[in-house]
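Dear colleague,

Please find below the structure that I am handing over to you. My notes on it follow directly after.

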Amino acid sequence: MDGCWEPLSNGAAHVQAVIFDLDGTSLDTEKVTKNVLKEFLEKYGKVIDREKEDKRLGIPQLEAAIAVIKEYDLPFTPEQFIHEITPIYRERWPKAKPLPGVNRLMKHLQKHGVPFALASNSKRANVDLKISYHQGWKEQFSVILGGDEVKSGKPSPDIFLEAAKKMGVDAAHCLVIEDSLVGVRAANAAGMKVVAVPSQSEADYASLADSVLHSLLEFQPELWDLPPFEDWVDSALPIEPIYASGLFSNGFLSEAEDDEPSAFPDQVLGLYFGWAKLSMNGIFKVLVGVGRGHPACTAKRKIKPWIIDGNNHHIADQHMQLSLVAFVRGLNHKETLMDLEKVVEEEKAIASASLDLPMFLHHTRAPLFP
């Protein structure tokens, strides 16, 4: 387990089923809708408190509406507020993409006959709409539940217990995958094992989750008595391309704002390789480190591309597009981008050889850059 804490022993029971959360765990909906509330509040002369809103991630819609109205003294009933703001969210849901490793894990579970459910605090109609933009998702899940289909939403265990019941699996043999603290607490209350894949500071999860990962690309099924993945190619994992773009300067890529499509998902951390397109220099093989510049848990994420078939020194202040096509590894305990500098030449050699393989060649990826 990676992050700003020591690994915990998960003491895993035999897992017979997996339950996924939706928003922020399976789909990047929270990123594409991040500024909806901010823009809504500005119309009423209010300024969003981002820290408080982050803590409300994952709670039931009605409960969130009541809290927001009280916090910002808005002239709405909860029902009116939901009626006004929901259409704005709906406009942005089609832009939400599957988070790294989600499709891979679902296909793996399906291949091996392991049932898996979707359990979200969102209303069932909204869950169905969000997943409708992703081919095959509705058919793959054994069970789909919305927060309005159970007595109480998370952090109550009701939705997870109902999912287990519908799958015919004892709660003790279910593994929950969550990104929010309320979801992790719900899984604890249900007596289930839980893997947290948080988008914010991981420290809050350390004592509650059985495992905390930066992304599902780090997930190891065999630790939960599930069949292991068999899709690594030597030292690299082929992935669905992950894109970002921004200004390349002083050796780092400056990302766009969080809610822009040109920014990486929050769960992209670790060492990757792929292709870089520079505004004045063409397309290059690239090794990319995504992590913290120093060990502090609160340090802002940075993106460090290393040009493989050239050097970074002659490149400055250019627009760079990145297409990551393989995951190499996560960052070890308190490992920083400065630490990666010590092994970068060895990793570059491995990445260069891998990128010559047919599956990684940029002309076989469509599109290379969106």
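In this predicted model, the largest nonpolar core comprises 28 residues, and Phe20 and Phe219 have the most contacts inside it. A nonpolar core is a set of buried Ala, Val, Leu, Ile, Met, Phe, Trp, Tyr and Cys residues joined through side-chain atoms within 4.5 Å; buried means under 20% relative accessible area, with a 1.4 Å probe and protein chains only. Among the elements giving two or more residues to this core are strand S1 (17-20) and helix H6 (102-111), and H6 gives the most, with four residues. Helices (H or I, at least four residues) and strands (E, at least two) are DSSP runs, numbered from the N terminus.

A second, separate core of 26 residues includes Val150, Phe160, Met167 and Ala171.

Helix H4 (residues 61-72) and helix H5 (residues 78-92) pack at about 100 degrees, their axes 9 Å apart. Axes are lines fitted to C-alpha atoms, for helices over the stretch in contact, and angles run from 0 to 180 degrees between N-to-C directions. H4 is therefore roughly perpendicular to H5, a term that covers angles of 65 to 115 degrees.

His214 lies in the loop between strand S6 (211-212) and strand S7 (237-249). His214 counts as buried because its relative accessibility is 4%.

Residues are numbered from 1 along each chain as its sequence is written, and side-chain values use heavy atoms, leaving out hydrogens and water. Local features need pLDDT of at least 70 and side-chain atom pairs count only at pLDDT 80 or more, whereas totals for chains, interfaces and linings use all residues.

Yours sincerely

Conventions: Parallel < 35°, antiparallel > 145°, perpendicular 65-115°, else oblique. Buried < 20%, exposed > 50% of the residue type's maximum accessible area, 1.4 Å probe, protein only.
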